[in-house]
Amino acid sequence: MEKYEKLEKVGEGTYGKVYKAKDKATGQLVALKKTRLEMDEEGVPPTALREVSLLQMLSQSLYIVRLLCVEHVDSKEGKPVLYLVFEYLDTDLKKFIDSHRKGPNPGPMPPSLVQSFMYQLCKGVAHCHSHGVLHRDLKPQNLLLDKERGILKIADLGLGRAFTVPLKSYTHEIVTLWYRAPEVLLGSAHYSTGVDMWSVGCIFAEMARRQALFPGDSEFQQLLHIFRLLGTPSDKQWPGVSSLRDWHVYPQWEPQNLARAVPALEPEGVDLLAKMLKYDPAERISAKAALDHPYFDSLDKSQF
Amino acid sequence: MGTLALDNENGSSDVFLSLGLKTSGKGVVKTPRVLSPLSSILERSVQRNEMLLETTNIKEVITIFHGLRAPPLSIRQYIDRICKYSGCSPSCFVVAQIYVDRYLKCTEVHLTSFNVHRLLITSVMLAAKFMDDAFFNNAYYAKVGGVSTAELNRLEMKFLFTIDFRLQVNLETFTKYCSQLEKEAAGVQIERSIQACGIKENWSQSKKEDSTYARTVAR
């Protein structure tokens with residue numbers, strides 16, 4: 001690891017510390033994710049294992065964070081340590097949205113920037129899905145930004161999962177609560193690409209509002225937040241919803257006007273958002289189809 | 001939109017059902033059918049390689065997967081044991097076979113009775129850790145596999161770096177392996193019915209040189 005000069009600690013990842021560092025030979029800035037392996041019982045942490053193998057495959061996309069290499073070294077105490085070396089990006093979408101809400105110059109994000117970030121996000125998600133990978137933890141914190149160049153990249157694939165081959169039932173301990181799709185909250189045995197698209201919708205609304213769309217503090221509250229805005233779902237609009245494992249009888253809310261929840265968003269944007277927040281996962285728009293939505297017609301796509 | 005790629009592939013879905021990778025509903029599958037053809041393929045490969053190493057000058061590459069002696073458990077018994085205690089998705093065994101092939105392709109190693117067990121426990125564990133949402137840790141797999149945790153951790157690291165962390169398996173590759181296993185399973189079935197008819201004895205006596213081959217297939 002003498003190749004890198006550690007500059008500062010920039011955070012705690014899912015499985016260890018993250019440092020900003022410099023490649024001494026090239027001067028390139030990198031992010032080092034340090035994975036301790038002293039947890040003998042566990043071996044290589046599954047999150048690290050998934051992140052590395054998924055990124056090996058997905059990293060060629062401009063909209064997925066680039067994994068440069070993996071270094072296996074022994075620490076001074078002789079314990080094995082795994083370093084994941086990533087390209088360095090200076091901020092993430094959460095910090096960026098926060099700076100527009102409460103920074104020195106608060107104000108809405110420019111609509112063209114929201115549009116551009118959304119397009120890049122959909123590009124990245126479409127790339128994951130076309131390779132048979134569900135991200136399962138899309139949220140503003142996991143979207144890294146290059147502010148100068150206006151580039152957005154998806155990061156943190158530690159919860160990612162292959163969805164192409166038949167497997168035992170899926171965990172419901174996925175996705176940070178605020179971005180978790182209703183089928184997961186209601187305990188559906190299987191879920192698919194729709195869970196990521198729900199998260200994308202929540203992120204879209206959050207950029208336009210500068211605050212989270214559904215900020216629940218428990219699974220139950222999370223559902224109520226969703227139902228209050230989109231109406232309590234029925235078997236008619238979402239076949240089979242009332243037979244999902246965690247379905248209960250809920251208060252009956254009528255759907256509200258979605259445009260009022262995102263006043264900064266133009267009508268085409270609201271239409272795309274509505275398609276991302278469809279209750280029935282089979283009806284929810286795919287990332288690939290979203291790229292062709294009229295909302296992006298005014299975007300200069302030649303730059304992507 | 002939002003549906004599994006699998007649902008559109010009825011053809012391969014049948015194969016998945018028949019290998020016990022998918023359940024058709026409430027039925028509880030005890031031992032997935034995939035284990036039998038998988039063991040046959042591996043056993044045959046081991047025999048072929050050992051024959052090759054015995055009769056030619058090819059030098060056997062010794063790796064950390066190589067034991068001092070071959071473990072007493074047959075491949076089939078070992079795989080059954082892993083399946084019984086790991087509780088992983090049956091698909092993990094197909095994926096593990098793909099991983100073992102990737103490992104062999106990245107090295108000069110031949111699959112033999114000295115390394116097949118360690119390669120199997122490592123690759124099934126990696127398949128479960130990568131694919132499944134619920135899985136046991138290395139310490140547990142070490143007990144199931146009959147190695148120490150420290151050793152399994154070393155095997156895991158070596159395996160990952162050898163295959164360059166390429167754990168993702170696309171549907172095309174998975175389906176290809178499944179149809180090979182399915183074909184093998186059909187062969188096992190035919191062999192069984194021949195045995196049931198009492199033809200097997202005469203047949204294997206008259207074709208002595210093939211008898212070892214026939215035995216592994218029929219097992």
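Is B:Asp164 buried, partly exposed or exposed, and how many other C-beta atoms lie within 10 Å? B:Asp164 is partly exposed, with 13 other C-beta atoms within that distance; a residue is buried if 20 or more other C-beta atoms lie within 10 Å of its own, exposed if 12 or fewer, and partly exposed in between, with C-beta atoms placed from the backbone.

The model is predicted, and local features need pLDDT of at least 70, side-chain atom pairs count only at pLDDT 80 or more, and totals for chains, interfaces and linings use all residues. Residues are numbered from 1 along each chain as its sequence is written, while chains are lettered from A and ligands numbered from 1 in the order in which they are written.

B:Asp164 is located in the loop that joins helix 7 (149-162) to helix 8 (171-196) of chain B; helices (H or I, at least four residues) and strands (E, at least two) are DSSP runs, numbered from the N terminus. The phi of B:Asp164 is near 60 degrees, a positive value in a residue other than glycine. Most residues other than glycine have a negative phi. In chain A, A:Arg210 has a phi near 65 degrees, which is also positive. A:Arg210 belongs to the loop between helix 5 (194-209) and helix 6 (219-230) of chain A, and counts as partly exposed because it has 17 C-beta neighbours inside 10 Å.

Chain A contains an open sheet of three strands in the order 6-8-9, with antiparallel pairing; two strands pair if DSSP finds at least two bridges between them. Strand 6 (91-92) and strand 9 (151-154) of chain A each have a single partner strand, so one side of each lacks a neighbour in the sheet. Four bridges link strand 8 (residues 143-146) of chain A to strand 9 of chain A, where A:Asp146 stands opposite A:Ile151.
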